Amino acid sequence: MLSFPEIRLGQSIELLKELHILTRDGKLNQDSRRKLKQVYHLCHFIEPLLAELDTPGSSPTLADHGAGKSYLGFILYDLFFKGRSTGHVYGVEARPELVEHARGLAGRLGFARMSFLNLRVEDAIDSPELPARIDMVTALHACDTATDDAIRFALHKQARFIILVPCCQAEVAAVLRARKNESFARTPLAELWRHPIHTREFGSQVTNVLRCLQLEAQGYQLTVTELVGWEHSLKNELIIARYTGTARSNAAARLEEILHLLNLDELHARFSP
């Protein structure tokens with residue numbers, strides 16, 4: 001078997017080739033080294049949380065939303081689940097061709113405890129294809145409103161851990177833009193989103209802040225950091241939520257105050273705890 005100092009012992013070389021982390025002749029080039037660095041950096045955060053779930057008699061479950069080609073699910077299965085007799089990874093993806101590709105790859109690799117579901121994130125909440133409880137929910141660059149749908153899924157499934165790399169925060173920016181003139185009459189803070197580029201950036205920031213408050217109001221403790229090595233992407237914020245059962249006392253009130261102050265009251269339902 002080919003061996004590289006950058007690749008962990010026991011990793012599937014065939015999987016790394018399929019994910020284009022290794023070239024077809026089993027080598028690493030500059031681009032694939034960058035991809036591998038990104039993958040390992042993200043796994044550095046996730047694997048210890050999976051280890052917490054791996055207690056005697058347990059069978060950890062993970063649902064990856066907006067899974068795409070299921071890079072994350074496959075890597076975590078290879079690194080963590082493959083060497084254990086229990087546990088299951090679910091990849092949720094709305095594009096059927098990607099679901100079929102992932103199913104085929106899992107079959108070739110013998111990754112029996114992986115399921116790929118052709119569902120929109122919002123439809124996954126009540127789908128009988130998923131168990132009533134899910135231990136960990138991930139959503140990396142899930143498009144449209146899928147990040148918020150993944151949060152609602154995680155809350156519904158009583159997830160112990162939620163891992164988010166948020167994306168597509170255009171909804172808040174659109175409301176800020178539509179209400180701009182009205183907001184100017186209400187608060188000087190509207191200067192923060194007067195220019196279009198500021199509307200986009202401020203809308204993105206506000207969206208993630210509201211998501212954090214939403215989770216804190218539901219009893220999650222948060223770590224917000226960045227994914228080192230993803231500097232090429234503007235979407236490299238990482239939100240890790242751990243369920244403690246103790247809600248931050250003022251989180252719900254702060255969320256409502258921010259929505260009202262920024263003239264975003266119509267988004268109450270989306271961020272409601």
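**Ground rules**

I number residues from 1 along each chain as its sequence is written, and my side-chain values use heavy atoms, with hydrogens and water left out. Because the model is predicted, local features need pLDDT of at least 70 and side-chain atom pairs count only at pLDDT 80 or more, while totals for chains, interfaces and linings use all residues.

**Entry 1: H2 and H3**

I began with helix H2 (residues 30-53) and helix H3 (residues 71-81); helices (H or I, at least four residues) and strands (E, at least two) are DSSP runs, numbered from the N terminus. Their axes come within 11 Å and cross at roughly 55°. Here axes are lines fitted to C-alpha atoms, for helices over the stretch in contact, and angles run from 0 to 180 degrees between N-to-C directions. H2 and H3 are therefore oblique to each other (under 35 degrees is roughly parallel, over 145 roughly antiparallel, 65 to 115 roughly perpendicular, and the rest oblique). H2 passes H3 in a right-handed crossing (the near helix is turned clockwise from the far one by less than a right angle; anticlockwise is left-handed). I found Val39, Tyr40 and Leu42 among the H2 residues in the contact, and Leu79, Phe80 and Phe81 among those of H3; contact means heavy atoms within 4.5 Å. By class, I noted 13 nonpolar, no polar and 1 charged residues (Ala, Val, Leu, Ile, Met, Phe, Trp, Tyr, Cys and Pro are nonpolar, Asp, Glu, Lys and Arg charged, the others, Gly among them, polar).

**Entry 2: the rings**

The structure holds 7 aromatic pairs (rings of Phe, Tyr and Trp, its six-membered ring, with centres within 6.5 Å; planes under 30 degrees apart are stacked, over 60 edge-to-face, the rest tilted). Phe80 is buried at 4% relative accessible area, and Phe81 is buried at 0% (buried is under 20%, exposed over 50%, partly exposed in between, with a 1.4 Å probe and protein chains only).

**Entry 3: H9 and its partners**

Next I looked up helix H9 (residues 196-217), which packs with helix H10 (residues 251-261) at about 150°, their axes 8 Å apart. H9 and H10 are therefore roughly antiparallel, and the crossing is left-handed. Val209, Leu210 and Gln214 are among the H9 residues in this contact, and Leu255 and Ile258 among those of H10. I listed 9 nonpolar, 1 polar and 2 charged residues there.

Helix H6 (residues 146-156) packs with H9 at about 5°, with axes 12 Å apart, which makes H6 roughly parallel to H9. Thr147, Asp148, Ile151 and Leu155 of H6 meet Arg211, Gln214 and Leu215 of H9.

Most residues other than glycine have a negative phi. Asn263 lies in the loop between H10 and helix H11 (268-271) and is buried at 6%.
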